Amino acid sequence: MWQYEKRLEYPVNIKQTDPKTAQYILSQYGGPDGEINASLRYLSQRYSIPYREVAGLLTDIATEEIAHFEMIATIVHQLTRDLTPEEIKASNFGPYYIDHTLAVWPQAAGGVPQNACEFQSKGDPITDLMEDMAAEQKARTTYDNILRVVKDPDVVDPIRFLRAREVVHFQRFGEALRMVQEHLDSKNFYACNPAFDKSCGCK
Amino acid sequence: MNNMPMNQSQLLDWINQVSFVAYDTALYLDTHPYDEEALSFYNHYRTLRLKAVKMYEEKYGPLTLDGADTDGHWSWGSMRNPWEGGNC
């Protein structure tokens, strides 16, 4: 069960609209390495992980990803609210506006809709945690790409916060992977799948 | 809630019941924010919920991070997960 807190994890207060920047940042809302895919990935993987500490970490990080999903939506909203038809026509935001007006909708920067094909829930703790570490790095790279082309300090500040969280999550997933490996045969971690093979799991 | 002591499963059942009533009433209040009867109904169940959650966390461990035990050991991560079944 979840309960909503009516606050952002980190504040977002953008004064200047910018539809081009909004379209870049929208990718972290519904793109391949976006925040909702991160959350869905960890929320889906946690059921088959046979170690409570690791399932607990997946739950807590997935919960923070929903908070990041909300921060990204807030950035996109504040970058696009009050846009005029002239401003939309002068930008590349027109096609998005035709389909969604100024609503927030999960898509990648290039227009591809949010898609579960962009993550896995594989049912093997080592495989899943390796994917999770890669996912955090992919999101970190996306934020680095954003930071190279976006210069408004009101946008840069929360994006830097989100980038730092990717690094922290990567670190925690690395530790979770070590915790899984400590349950397994150190001579061959891949001899069996502790989420499926009943005889698996002794050192 | 009667005054009979409840075991973990019974207390969690009770939390589920009063929490659902409070939550369902909150949805009603979102669209009827001045309904005085609903306001006091919500307040009654919220109080029952907060009391039951406090009792549960003291006896059986944290339900949320706010109730996480920091007395020498972080028990939050190793708590039973709700999808494991058994209602406790």
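**View 1. Ser39(A) is a buried residue, with a relative accessible area of 2%.** Here, buried means under 20% relative accessible area, taken with a 1.4 Å probe on protein chains only. Ser39(A) sits in helix 3 (residues 35-45) of chain A; helices are DSSP runs of H or I with at least four residues, numbered from the N terminus. Leaving out residues up to four places away in sequence, Ser39(A) touches Ala62(A), Glu65(A) and Ile66(A), where touching means heavy atoms within 4.5 Å. A polar atom of the Ser39(A) side chain is 3.0 Å from the backbone oxygen of Ala62(A).

This is a predicted model, so local features need pLDDT of at least 70 and side-chain atom pairs pLDDT 80 or more, while totals for chains, interfaces and linings use all residues. Residues are numbered from 1 along each chain as its sequence is written, chains are lettered from A and ligands numbered from 1 in the order written, and side-chain values use heavy atoms, without hydrogens or water.

**View 2. Here chain B meets chain A, with ten residues from each in the contact.** Together the two chains bury about 850 Å², 51% of it on carbon and sulfur atoms; that is the accessible area (1.4 Å probe) the two parts lose on being put together, summed over both. On the chain B side, Gly77(B), Ser78(B) and Trp83(B) supply 52% of the area buried against chain A, more than any other three residues.

**View 3. Arg52(A) and Glu84(B) join their side chains in a salt bridge, 2.6 Å from N to O.** The rule asks for a side-chain nitrogen of Lys or Arg within 4 Å of a carboxyl oxygen of Asp or Glu, and finds one such bridge across this interface.

How values were computed
Helices (H or I, at least four residues) and strands (E, at least two) are DSSP runs, numbered from the N terminus. Buried means under 20% relative accessible area, exposed over 50%, partly exposed in between (1.4 Å probe, protein chains only). A polar contact is a pair of N or O atoms within 3.5 Å; within protein, one must be able to donate a hydrogen and the other to accept it, and residues adjacent in sequence count only if both atoms are side-chain atoms.
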